[in-house]
Amino acid sequence: MNPAEQVIRQKFQQYYLDPKRQLDPPPNPSEREYGFLLFNGKFMVRHRSFKDPVSLLTAVRDLVPSHVYFSTAYYREPTAPMEEKGWTGADLVFDIDADHLNTPCKPDHDNWKCKACGTTGNGGVPKLCPKCKNDRMEEQTWLCDRCLQEAKEETAKLLEMLYTDIGVDHEATRLFFSGHRGYHVHVYSKQTSQLGEEERREIADYLLAQGLEPQLHELEETSVGGTKLAEGPLIGQPGWRGRIVAGIYDILGSEMDQIGLSSTQVNALRSWDREDLLRKPFWSSVKGVGISTWKTLVKKAVEKKSAKIDTVVTTDIHRLIRMPGTLNGHTGLLAMKVPEERLDEFDPFKEPLAFQGEIKVKVKESPGFRLGEERFGPYHDETVVLPSTAAMLLLCKHRAEPVA
Amino acid sequence: MLTRADLAKYPFLNEASDYIKELGISIDDIASPDFSPVLERAEKRLEEALSKGRVSNEFSNENAEILSFPVSNLILSLTGEERAQRRFALAESKRAYELLRQESPEKLDYIARTTFGWKLNKIDAQLGKRFYDFAIALADYLRNSVHLKEPKWKLPNRILDHGFVYATREELARLLEEEVRTKIVERSSRPPGEIPKLLQPKVERTRGLITKWLGVPSHYELPKVPSPESMPPCVRHLIDNLAEGKNVQHMGRFTLASFLVNIGAGEEDIVKAFKPASDFSERMTRYQVEHIAGKRGGRTKYTCPMCTTLKTHGVCYKPDDICSTIRNPLSYYKRKARILTGKGAET
């Protein structure tokens, strides 16, 4: 363990040892597998099971892991090797993470380095190194207000679709802040627990509108007595149909310059009363705007309205996922439950703060950030005494070293 | 709700089994000459399914129609031939589909609910030009639609309203066809209890039919010696990348190893394929290959991931014409090998 990890582990230990501490494990806790990533050499302890929250807390106090996970799956024998566990079902889970969002602030706070040729760049990590086409990249990310705000908006879209389209129960749904760059949604329901990977992939595709074909939602052109008439979905229709129209409504009320339409088309749409969208069939009521223009708009509308979930998390029916009420070793922030009605006002830079006191650290490099009401940084090669929460964030993010 | 004529049309229904129970007939009764029409019809079902992939309807003798179906299933299960069981299930489910699509919404609703336990609502909605008679619970929809390839079955292209997927009558019948197929495969592959003597010659005859129409099983098996020319583009690409010392991600490595294990490549050859990798460790590679081959750990032999998974993880590479007909790289290999060895197209 390096000095930074020693300090982090010590603070984590203090946190977990607090006599008031309680863990809030998921439903049917004894049927799940638990996993702990240890500070010591990044070792993963897996295939553990606990019959109740108390024995789980004892283990956490004992091991002091940097990350605590539980399986979304339920097993007959959670401690058996993977192939013999006996899968009996799994929560339906969704992960929205700034890693998957294209926020404009990324070049300001994220950067990457190719492990093969050493090329570096700012912003989100590319799939392949632009220079040597290698796919092994090192990345340094940061969490910022803007990224988390976008994650929140994606989460709101996700929840709306889960309720009105997928039909999940409010009571069966829990929303969590991940303690890093995003939000998790867990659905604990018999109706969805038996879905297989392929079925979950369909749900993921639905939320992302992946493979959505407008003509299958009856956007089409018909010829009536020589005149071409466009027809399509209407507002108020269920599922993607109404949502497509709502999305076009949003687009018409905002930027239209960079969506691939000619200025004539943009002007035609601007001078048209978009409220007509909300009344009756409108697909043939804008002069100079035909089916191909509408298709472009539908594509944009779908992009705007889809929820940018991480498909891998949703389709993996054996996944280990972060346990709410535990500390996230990437940040020192608490992964925590967010009451859904409070999502809008939830402050991920205030409510998940877990430490008291101060720590003296030497910061290599850090963007400016806010925790609670206080602003910190940017820092560049300087030694500072910071509130523990801020110091821990920098230590966890490998931006600082402790000073004895 | 259902008449005997309905049971003759749909002998896989729960009510058909109940009806047979009520008649008090057991499998031993088939020996009686009274039941010869049943046996004849059972054999005809099999012969038609195996030869043409179709089963015709014979409603003139409703009892024979109802009783012959479980007999066909039993004979098939005794052959232990999976290919034949699948083909029979497909033929029977297609036969059912042609009839189901002409049924009233009420009857379809009843069948879906009772025999298959679906949750569904009868609705009467027109959206655009289409009329929707049903809203099917999402789980029931997905279980049956995930195997259908047409884009119209993809969930993003459906109307999904509070956990229910809208469907036309025709579409519901098509989804039921899938459910029927699954049910028949399960039934005909269930190992039977005691084998009635009378059926033994029928089983032999059916085995003959299977060989006649589906060929000798070994023709369908993989070539004994791994054939590099038959490998799909994704696997070749993985091998090329490794050979050039490029890094291949975990999913790519797993795909390659599981593919090679399943086509019967030797452990040495598999390890050799990974040798050019920049981070090659013979010990680790051997360990992992043995794990995938089921010689270690949970002793499960892993199969190759499905094409959909490979697409998601960016392993799929330049799919060709054969790719559009298969769902797993191993099927590609089988098919290509058959073409290359001149065994002709699969029936």
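**Figure 1. Contact between helices H7(B) and H8(B) in the predicted model.** Tyr141(B), Asn144(B) and Ser145(B) of H7(B) meet Leu175(B), Glu178(B) and Glu179(B) of H8(B). Helix H7 spans residues 138-145 of chain B and helix H8 spans residues 169-189 of chain B; their axes come within 9 Å and cross at roughly 70 degrees. Angles from 65 to 115 degrees count as roughly perpendicular, and H7(B) and H8(B) are therefore described as roughly perpendicular to each other.

**Figure 2. The largest nonpolar core.** This core contains 124 residues, and those with the most contacts inside it are Leu158(A), Ala391(A), Leu395(A), Ile136(B) and Val165(B). Helix H4 of chain B (residues 62-79) gives the most to this core, contributing nine residues. In soluble globular proteins, nonpolar side chains tend to be buried together.

**Figure 3. The surroundings of Ile136(B).** Leaving aside residues up to four places away in sequence, Ile136(B) touches Trp118(B), Leu120(B), Tyr141(B), Phe164(B), Val165(B) and Ala167(B). A second, separate core has 23 residues, among them Leu260(B), Val261(B), Ile270(B) and Ile292(B).

**Figure 4. An open sheet of four strands in chain A.** The strands follow the order S2-S1-S3-S14, with antiparallel pairing. Strand S2 (44-48) and strand S14 (320-322) of chain A are the edge strands, each pairing on one side only. From one strand to the next, the twist averages 25 degrees.

**Figure 5. The pairing of S3 with S14 in chain A.** Strand S3 (residues 67-71) of chain A runs antiparallel to S14(A), and three bridges join the two. Tyr69(A) stands opposite Arg322(A), which lies in S14(A).

Terms used. Residues are numbered from 1 along each chain as its sequence is written. Chains are lettered from A and ligands numbered from 1 in the order in which they are written. This is a predicted model: local features need pLDDT of at least 70, side-chain atom pairs count only at pLDDT 80 or more; totals for chains, interfaces and linings use all residues. A nonpolar core is a set of buried Ala, Val, Leu, Ile, Met, Phe, Trp, Tyr and Cys residues joined through C-beta atoms within 7 Å. A residue is buried if 20 or more other C-beta atoms lie within 10 Å of its own, exposed if 12 or fewer, and partly exposed in between; C-beta atoms are placed from the backbone. Two residues are in contact if their C-beta atoms, placed from the backbone, lie within 7 Å. Axes are lines fitted to C-alpha atoms, for helices over the stretch in contact, and angles run from 0 to 180 degrees between N-to-C directions. Angles under 35 degrees count as roughly parallel, over 145 as roughly antiparallel, 65 to 115 as roughly perpendicular and the rest as oblique. Two strands pair if DSSP finds at least two bridges between them.
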